[in-house]
Amino acid sequence: MFEKILIANRGEIALRVHRACRELGIKTVAVHSTADAEAMHVRLADEAVCIGPPSATDSYLNVANIISAAEITHADAIHPGYGFLSENAKFAEIVRDHRIGWIGPSPEHIRMMGDKVQAKKTAAEIGLPLVPGSDGAVGSVEEAIEVANEIGYPVLVKAASGGGGRGMKVIPDAASLAGLMAQAKSEAKAAFGDDTVYIEKYLGNPRHIEFQVFGDNFGNAVHLGERDCSLQRRHQKVLEEAPSPALNTKQREEMGETVRQAIAKLGYQGAGTIEFLYEDGQFYFIEMNTRLQVEHPVTEQITGIDLVREQIRVAAGLPLSVSQADIRFEGHAIECRINAEDPVTFAPSPGQVTDYHAPGGLHVRVDSALYDNYRIPPYYDSLIAKLIVYGSTRNECLARLHRALEEYVINGPKTTIPLHQRLIEDPEFIDGDYSIKWLENWLAAKA
Ligand code: ADP
């Protein structure tokens, strides 16, 4: 087992990884920018190393400084968290070249899934159902028109290197195709330095349902059920739940077995998430994330399995601590992403936290790096806390979430707590009756 792990991240996820390490008796090294010198993960870690100025490019994305920090502190592994360098295949290779343990899948798998054209090809080969669309990248407008005619409008142009919904355009008809495709390409070029695009059928009203998977170095592969992440604003997830209100046990078992076999075929090692759109009883693969997800705690709550601990075990060369037969799905969990943003306009609201009181009680979990008088820096993602609540049924979970949101005090910056409070009182949400379009329509209607 590792003796000391460097956590190449910040905020709540740095703390989350630190907690798993402590419980395994592993020492931790925090790295931080000058803006994060007072951060919770820095205070709690055994050692801390400043890796640069506030800008993420110069600190949390600064490979040379992170590797140096690992060398100086004799860390024997690096956990990248999510975001930043977590899906950077080159970084994973550099870590391994320095004989430091990489807590993530192989660079080859990261690279394969990071290119969405390649990812779709692989997904088809390992038996996952795809959204109908182009067979790989589309080079010309003529080729795009041909594909669109075949699958029928509306279609979606997507960037091969895409992420966060950028470089994605809905094309309603042939007349607008050339213009929108050019826009998608230039957006993709600007954001990712790669203007390769491909085409998919645009699904009218799907849900976003993703499966958590895990593989080890001994050929074992498991799935840990699904999460429903349909509640999105601008392709960003807002609230997630497990299990999905839209699936029954039989559907879960069938699709779970399909993804489990796919992962086994791939020889995948570590934690991963296979994302699907789900419409009219059909699943359509959209992408695979080769890292821990923000919303992983809902899976932990319904399975009782610590996913970060499993990641560390697998990276250290141990087998998965559970087999598929051991994994039971019990009860229901919901996560609210709490951002330092105006709950109506979504304008960022960093600054001083003047009062902080986290909710507690049975089955209430708060993953947050906030504390009294902490100053939220303006340079990073606005996610400041995740409130995760468990109940033996979805209704019990909702009642508990209601009271936990009521108890939560974060004074100073504006937060999205009031948004969640309104959201969970909506009758359609309470019925679990929502798709990926639902939240934006709901927000527009409330405006
Ligand atoms: P990114 O990596 O940019 O987040 P994804 O492929 O994961 O891109 O898609 C992000 C979101 O865009 C999905 O969660 C869904 O809301 C929407 N989306 C993606 N593909 C389709 C599609 N074929 N039809 C309808 N909506 C889609």
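Pockets first, so I need the rule: on a 1 Å grid over the protein atoms alone, a pocket is an open set of points with protein on both sides within 12 Å along at least five of seven lines, a cavity is a set of points where a 1.4 Å probe fits but cannot get out, and lining residues have an atom within 4 Å of a point. Grid points are joined across faces, edges and corners, and a volume is the space filled by probe spheres set on the points.

Ground rules for the rest: this is a predicted model, where local features need pLDDT of at least 70 and side-chain atom pairs count only at pLDDT 80 or more, while totals for chains, interfaces and linings use all residues. Residues are numbered from 1 along each chain as its sequence is written, and side-chain values use heavy atoms, with hydrogens and water left out.

**Entry 1: second largest pocket**

I looked up which residues line the second largest pocket. They are His223, Thr249, Arg252, Glu253, Glu257, Arg260, Gln324, Ile327, Arg328 and Phe329. The space inside is about 190 Å³. Helix H9 (residues 249–266) gives the largest share of this lining, 5 residues; helices here are DSSP runs of H or I with at least four residues, strands are runs of E with at least two, and both are numbered from the N terminus.

By class I get 2 nonpolar, 3 polar and 5 charged residues in the lining of this pocket. For the classes, Ala, Val, Leu, Ile, Met, Phe, Trp, Tyr, Cys and Pro count as nonpolar, Asp, Glu, Lys and Arg as charged, and the others, Gly among them, as polar.

I then picked out Arg252, one of the lining residues, which sits in helix H9. Is Arg252 buried or exposed? Arg252 counts as buried because its relative accessibility is 10% (buried is under 20% relative accessible area, exposed over 50%, partly exposed in between, with a 1.4 Å probe and protein chains only). Its side chain makes a polar contact with the side chain of Glu226 at 2.7 Å. A polar contact is a pair of N or O atoms within 3.5 Å; within protein, one must be able to donate a hydrogen and the other to accept it, and residues adjacent in sequence count only if both atoms are side-chain atoms.

**Entry 2: the cavity**

How many cavities of 30 Å³ or more are there? The count comes to 1. The largest cavity has a volume of about 40 Å³. Its lining includes His79, Trp102, Ile103, Arg291 and Gln311, and by class the lining has 5 nonpolar, 6 polar and 1 charged residues.

**Entry 3: the ligand**

There are 21 residues around the ligand, and Lys116, Lys158, Gly165, Lys201 and Glu287 come nearest; near means that a heavy atom of the residue lies within 4 Å. The shell divides into 8 nonpolar, 7 polar and 6 charged residues.

I went through the polar distances. A polar backbone atom of Gly165 is 2.6 Å from an oxygen atom of the ligand. Glu200 has a polar side-chain atom 3.0 Å from a ligand nitrogen atom, and an N or O atom in the side chain of Gln232 is 3.1 Å from a ligand oxygen atom. On its own the ligand has 560 Å² of accessible area, and the protein covers 95% of that (Shrake-Rupley method, 1.4 Å probe; for residues, only the protein chains shown count as cover). Strands S6 (155–159), S8 (197–201), S12 (270–279) and S13 (282–289) are the elements that give two or more residues to the shell.

Most residues other than glycine have a negative phi, and most peptide bonds are trans, so I searched for exceptions. The Tyr153 to Pro154 bond is cis, with omega near -5°, and Pro154 lies in the loop between helix H7 (141–151) and S6. The bond from Ala242 to Pro243 is cis as well, with omega near -5°; Pro243 lies in the loop between strand S11 (236–242) and H9.

Phe84 has a positive phi, near 35°, in the loop between strand S4 (77–79) and helix H4 (89–97). Phe84 counts as partly exposed because its relative accessibility is 29%. Asn373 also has a positive phi, about 70°, and its place is the loop between strand S17 (364–368) and strand S18 (375–376).
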